[in-house]
Amino acid sequence: MKLKDIWTITGTIKVLTGLRIGGSQDTMEISGLDNPIIRNPANAQPFIPGSSIRGKMRSLAEWYFGEVPPDGNVVKVRPGTNTAKVFGVPATDGGEHGPTRLIIRDAHLSEKSLDDFRNGRPITEVKSENSINRINARANPRPMERVLPGVTFDCEMIYRIFDMDDDGAEDKRLFDEVLLPALRLLEMDALGGGASRGNGKIKLNLQRNGEPLTLPDLFTAKA
């Protein structure tokens, strides 16, 4: 087996509805926020962890291709599945799949949004949500921090092509048949928490090795 090629996917993730990826509150403060978003501890800038992007893409792809195991254990190796080949399996069980093809970096604020952040212009909000007791109508308010619509993040993904006795043809096919649909599904669904309440709609603008990348149409209505 030999590493044949590396394709670099770069571009932006634009937030279309409030984006919430929860972080931890390391210190207790008077009137502090109970549900903050994740931030870089070095500079307090919001970012999108690569693991959040990758996990959602993999989950959506597994549902789309019917590869979710009956017991729901997605960590367990499923020999021969396309998502396992692209997104990887535990190192101890790599076997016939070979190395993980897809690497996804953390996505940090793009130049325009970073400038807004540094100059004190708002890029986040605190959205108050309520759950209502159906019997006594008592409200239970929950303040949630979200990234505002319009904020953009720079993203980078690495796709590795290995020669698995086929000169890399299989990995190139999986790029088109698994990775691109997974990216499109991410646009159609949502990223982060609270998707069913309107959070997390995004728009991707991507290039592969500097060339525009077109995502496939899925679930096209039939006449």
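Tutor: A residue is called buried when its relative accessible area is under 20%, exposed when that area is over 50%, and partly exposed in between, with a 1.4 Å probe and protein chains only. This is a predicted model, in which local features need pLDDT of at least 70 and side-chain atom pairs count only at pLDDT 80 or more, while totals for chains, interfaces and linings use all residues. Residues are numbered from 1 along each chain as its sequence is written, and side-chain values use heavy atoms, with hydrogens and water left out.

Student: Are Tyr159 and Phe175 buried or exposed?

Tutor: Both Tyr159 and Phe175 are buried, and buried residues make up 39% of the 223 residues in the chain.

Student: How is the span of helix 4 to be read?

Tutor: The expected span of a helix is 1.5 Å times one less than its number of residues. Helix 4, residues 169-188, has 20 residues and reaches 28 Å from its first C-alpha to its last, close to the 28 Å expected. Helix 1 can be read in the same manner, for its 15 residues should span 21 Å and its end C-alpha atoms are 21 Å apart, which agrees.

Student: Where does helix 4 bend?

Tutor: The bend at a residue is the angle between axes fitted to the seven residues ending there and the seven starting there. In helix 4 the bend is about 35°, at Phe175.

Student: Which elements do the buried residues of helix 4 pack against?

Tutor: An α-helix has 3.6 residues a turn, so residues three or four places apart point the same way. The buried residues of helix 4 include Asp171, Leu174, Phe175, Val178 and Leu179. With contact meaning heavy atoms within 4.5 Å, the buried residues of this helix pack against strand 1 (2-15), helix 1 (50-64), helix 2 (82-87), strand 3 (102-104), strand 7 (152-163) and strand 8 (202-208). Helix 1 has buried residues of its own, among them Ile53, Met57 and Leu60.

Student: How many aromatic pairs does the structure hold, and how is each described?

Tutor: A pair of aromatic rings is described by the distance of the centres and the angle of the planes. Rings of Phe, Tyr and Trp (its six-membered ring) pair if their centres lie within 6.5 Å, and planes under 30 degrees apart count as stacked, over 60 as edge-to-face and the rest as tilted. The structure holds five aromatic pairs. One of them joins Tyr64 and Phe65, whose ring centres are 5.0 Å apart with planes at 80°, so the pair is edge-to-face. Tyr64 is partly exposed at 34% relative accessibility, and Phe65 is partly exposed at 29%. The rings of Tyr159 and Phe175 have centres 5.1 Å apart and planes at 70°, so this pair is edge-to-face. It links distant parts of the chain, with Tyr159 in strand 7 and Phe175 in helix 4, 16 residues apart.

Student: What lies over the face of Trp7?

Tutor: A charge sits over a ring if NZ of Lys or CZ of Arg is within 6 Å of the ring centre and within 35 degrees of the ring normal. Here Arg208 lies over the face of Trp7, at 4.3 Å from the ring centre, and Trp7 forms one aromatic cluster with Tyr159 and Phe175.

Note on methods
Helix = DSSP H or I, 4+ residues; strand = E, 2+ residues; numbered from the N terminus.
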